[in-house]
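Here is a short briefing on a protein chain. Look at the sequence and the model first, then read the points below.

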Amino acid sequence: MNARRGCVLAAMGAGLSAAYALTPPSDSDGPIKLLACVVTPAGILEAEVDSSVDERMTCDLRCNYELGERMFSHTFTETIPARFQGRVGQFDTNNAKAGSYSGDVLDCQKVSR
């Protein structure tokens, strides 16, 4: 009987810890999502985005990157096509460490026609 109770309590505890591990909503959860900030092997920083909007949007995107064991950020202002998924912007970091980094969507506005 005690073993069964222990299993039930362990399962309940596992469920509670999983609830705390959920990622909270971020500013990137809007119609324009910043999926990743990527530094290529050549040291070029690009923003990988996903747009679920039927119109072009101009967005300010802040991307982080690592250069010489220090973190830096760069802000892109880019026009993102409707229903687009891919990379926008290019910034020469001067040999930053290649890889994926975090970032934020700061602001987006519809492009007037």
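F72 is partly exposed, at 29% relative accessibility; that label covers values between buried, under 20% relative accessible area, and exposed, over 50% (1.4 Å probe, protein chains only). This is a predicted model, in which local features need pLDDT of at least 70, side-chain atom pairs count only at pLDDT 80 or more, and totals for chains, interfaces and linings use all residues. Residues are numbered from 1 along each chain as its sequence is written, and side-chain values use heavy atoms, with hydrogens and water left out.

**Aromatic rings**

- A search of the whole structure finds 2 aromatic pairs.
- Rings of Phe, Tyr and Trp (its six-membered ring) pair if their centres lie within 6.5 Å; planes under 30 degrees apart count as stacked, over 60 as edge-to-face and the rest as tilted.
- Y65 and F72 are stacked, with 5.9 Å centre to centre and 25° between the planes.
- Y65 is buried, at a relative accessible area of 7%.
- Y65 also pairs with F91: the planes are at 55°, so this pair is tilted, and the ring centres are 6.3 Å apart.
- This pair links distant parts of the chain, 26 residues apart: Y65 is in strand β3 (residues 57-67) and F91 in strand β5 (residues 85-92).
- Strands (E, at least two residues) and helices (H or I, at least four) are DSSP runs, numbered from the N terminus.
- F91 is partly exposed, with 26% relative accessibility.
- Together, ring pairs join Y65, F72 and F91 into a cluster.

**The largest nonpolar core**

- A nonpolar core is a set of buried Ala, Val, Leu, Ile, Met, Phe, Trp, Tyr and Cys residues joined through side-chain atoms within 4.5 Å.
- The largest one has 19 residues, and L45, A47 and L61 touch the most other members.
- Two or more residues each come from β1 (32-39), β2 (44-51), β3 and β4 (70-80).
- β3 gives the most, with 5 residues.
- Beyond its neighbours within four places in sequence, A47 has contacts that include L34, L61, F76 and V88; contact means heavy atoms within 4.5 Å.

**L106**

- L106 is found in strand β7 (residues 103-110).
- Is L106 buried or partly exposed? L106 is partly exposed, with a relative accessible area of 41%.
- L106 and L61 are 45 residues apart in sequence, and their C-alpha atoms are 5.7 Å apart in space.
- Not counting residues up to four places away in sequence, L106 touches D60, R62 and T75.
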